[in-house]
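Subject: Structure handover

Hi,

Here is the structure I promised to pass on to you. Have a look at it first, and then read my notes below.

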Amino acid sequence: MKQKSKVEIYTWDTCPYCKKLIALLDSKGVQYTRYRLDGDEEARDKMALRTGGKKSVPQLFINDKHIGGCDDSHALEEKGELDTLIFEN
């Protein structure tokens, strides 16, 4: 499948949920832009503007639409909807 969507993820390097979400995206061959927020509160505040106030990581965006965190992304994967968002939009 050819990726048709822009994918962005906000992470911390030591976050196990971030690693889990990255592993999911990598297993699908998804190309994404990764923003590492480790210790950068200004960048975290900018992310919070995009998420409607959420400051937890990871946060996934597809085509500038906020998808959510690790659990949200894996729930979409279990329903078969994550591929639709990434590869068919």
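Predicted model: local features only at pLDDT ≥ 70, side-chain atom pairs only at ≥ 80, totals over all residues.

Helix α1

Let's begin with α1, which spans residues 16-27. This helix has 12 residues and reaches 16 Å from its first C-alpha to its last, close to the 16 Å expected at 1.5 Å a residue. Its buried residues are Cys18, Leu21, Ile22, Leu24 and Leu25. They cover an arc of only 155° around the axis, which puts them on the same side of α1. On the face turned away from the buried side you will find the exposed residues Pro16 and Ser27. The cover over the buried residues of α1 includes β1, β2, β3, α3 and α4. After the helix comes Gly29, with a positive phi near 75°.

The nonpolar cores

The largest nonpolar core has 16 residues, and the members that touch the most others are Val7, Leu21, Leu25, Leu60, Ile62, Leu82 and Ile86. Two or more residues of this core come from each of β1 (7-11), α1, β3, α3 (70-79) and α4. Leaving aside neighbours within four places in sequence, Leu60 is in contact with residues including Val7, Ile9, Leu21, Leu25, Ile67 and Leu82. Its contacts also include Glu8, Lys65, His66 and Ser73. There is a second, separate core of 7 residues, among them Tyr10, Cys15, Leu37 and Met47.

For Cys70, the nearest cysteine sulfur is that of Cys15, 7.7 Å away, and Cys70 is in no disulfide. Cys70 counts as buried, at 4% relative accessibility. Cys18 is buried too, with a relative accessible area of 0%.

The salt bridges

- Asp83 and Lys28 meet through their side chains at 2.6 Å, N to O. Asp83 lies in helix α4 (residues 81-87) and Lys28 in the loop between α1 and β2 (33-36), so the pair ties together parts that are 55 residues apart in sequence. Asp83 is partly exposed, with a relative accessible area of 22%.

- Lys55 and Asp45 form a salt bridge at 2.7 Å, N to O. Here Lys55 sits in the loop between α2 (41-51) and β3 (59-62) while Asp45 is in helix α2, so this pair links parts 10 residues apart in sequence. Lys55 is partly exposed, with a relative accessible area of 36%, and Asp45 also counts as partly exposed, at 36% relative accessibility.

- Arg50 and Asp64 pair up at 3.3 Å, N to O. Arg50 belongs to helix α2 and Asp64 to the loop between β3 and β4 (65-68), so the bridge ties together parts 14 residues apart in sequence. Arg50 is partly exposed, at 29% relative accessible area, and Asp64 counts as partly exposed at 48%. Through shared partners, salt bridges join Lys6, Glu8, Arg50 and Asp64 into one network.

Happy to go through any of this with you.

Best wishes

Note on methods: Residues numbered from 1 in each chain as written. Heavy atoms only, no water. Salt bridge = Lys/Arg side-chain N within 4 Å of Asp/Glu carboxyl O. Helix = DSSP H or I, 4+ residues; strand = E, 2+ residues; numbered from the N terminus. Buried < 20%, exposed > 50% of the residue type's maximum accessible area, 1.4 Å probe, protein only. Disulfide = S-S within 2.5 Å. Core = buried A, V, L, I, M, F, W, Y, C linked by side-chain atoms within 4.5 Å. Contact = heavy atoms within 4.5 Å. Expected span 1.5 Å × (residues − 1). Arc of directions from axis to C-beta.
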